[in-house]
Amino acid sequence: MGKTSDLTAVQKTIIDTLHKEGKTQKVIAKEAGCSQSSVSKHINRQAKGRKKCGRKKCTSSRDNRTLQRTVTTNPFKNVGEIHKEWTAAGVSASRTTTRRLMKDMGFRCRIPCVKPLLNKKQRKKRLAWAKDKKDWTDAEWSKVMFSDESKFCISFGNQGPRVWRKSGEAQNPRCMRSSVKFPPSVMVWGAMSSAGVGPLCFLRSRVNAAVYQEVLEHFMLPAADQLYGDADFTFQQDLAPAHSAKTTSTWFKDHGIPVLDWPANSPDLNPIENLWGIVKRRMQYARPNNAEELKTTIRATWALITPEQCHRLIESMPRRITAVIEAKGAPTKY
């Protein structure tokens, strides 16, 4: 070990301390666990006040602050766009330097979290709903059958633009995308409870009240028999037009099935959303060639969901409600 660059920070500290105490270089080398020549070179360098070798930085602290402000203001721009805007302000730096400085500042290019866009009225209703349900027990939530539709595509690679953010900023509003419900797509309907999952329904047409009632008749009722038997349960659904139609409400009354009141635009409160996420992650590397192969893959993956997974998700309901109350009705991480 003859180079001072090979010395660790601890060794350099030991050398400096012992040198100040007047120890000889031979003693210092023995204590620091390095060669005497390394000790001599380090002491001489410190005495001469020599700085580290290397090319002088091409940007000033002011330039770096401008870059950080640019990234913070426009986190969804790519490196090329950020570099162009930064150099337009008079900074002379390469694109590689721009990327390196962004990394040194703690920025990483990540897929942004997606949260529903909520207005003030919706947040108020979510908060009121959460306060009303905050004392519900796990036993009460286990009597709820949660349902939802989800979009499945043959390709899962298109996840949209990325965002530049630092560690711990995943839930920062400026680093998130807003989602809009009901994009034109083919949906899959499913249901779950703490006892497991029910059968899937692949929707072939746009879901109106009549189609939805067919789904309830041929898929929800069998799922209820499978998950609850003769026991009472409460059905959960979101406020999609087909779900909240008068004829649908009449269908539930005629069948004697109570429906859980539900706040609008609140997928973060529905544990079945997590099941859809599990299924899609497991299908990440699947490459179905057509719709029929996609359905087969979805069915097979859905069948792998265990009752234990469902039970853990149902147990998360009190935490979800607490998170909504703490966020004053705003979207949460769930």
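A salt bridge here is a side-chain nitrogen of Lys or Arg within 4 Å of a carboxyl oxygen of Asp or Glu. Side chains of opposite charge can pair when their charged atoms come close. Asp-104 and Arg-100 are 4 residues apart in helix H6 (residues 95-104), so about one helical turn separates them. Helices (H or I, at least four residues) and strands (E, at least two) are DSSP runs, numbered from the N terminus.

Asp-104 is exposed, at 56% relative accessible area. Arg-100 is partly exposed, at 44%. Buried means under 20% relative accessible area, exposed over 50%, and partly exposed in between (1.4 Å probe, protein chains only).

## About the model

This is a predicted model: local features need pLDDT of at least 70, side-chain atom pairs count only at pLDDT 80 or more, and totals for chains, interfaces and linings use all residues. Residues are numbered from 1 along each chain as its sequence is written, and side-chain values use heavy atoms, with hydrogens and water left out.

The structure holds 6 salt bridges. Two of them involve Lys-133: one with Asp-132, where the closest N and O atoms are 2.9 Å apart, and one with Asp-261, at 3.1 Å. Lys-133 lies in helix H7 (residues 120-133), while Asp-261 sits in the loop between helix H11 (246-255) and helix H12 (272-282), so the pair ties together parts that are 128 residues apart in sequence. Shared partners join Asp-132, Lys-133 and Asp-261 into one network.

The three residues have these accessibilities. Lys-133 is buried, at 3%. Asp-132 is exposed, at 53%. Asp-261 is partly exposed, at 44%.

## A positive patch

Lys-103, Arg-108, Arg-110 and Arg-162 form a positive surface patch. Patch residues have over 30% relative accessible area and no salt bridge; like charges are joined within 9 Å, and nonpolar side chains (Val, Leu, Ile, Met, Phe, Trp, Tyr) within 5 Å. Lys and Arg count as positive. Arg-108 belongs to strand E1 (residues 108-110). Its relative accessibility is 32%, so Arg-108 counts as partly exposed.

## The annotated region

An unreviewed UniProt entry places the feature "domain: Transposase Tc1-like" at residues 65-133. Such annotations may be inferred rather than shown by experiment. Over residues 65-133, the chain is 61% helix and 9% strand. The end C-alpha atoms of that stretch are 47 Å apart.

Key. Areas by Shrake-Rupley, 256 points an atom, 1.4 Å probe, with all protein chains shown as cover. Charge placed at Lys NZ, Arg CZ, Asp CG, Glu CD.
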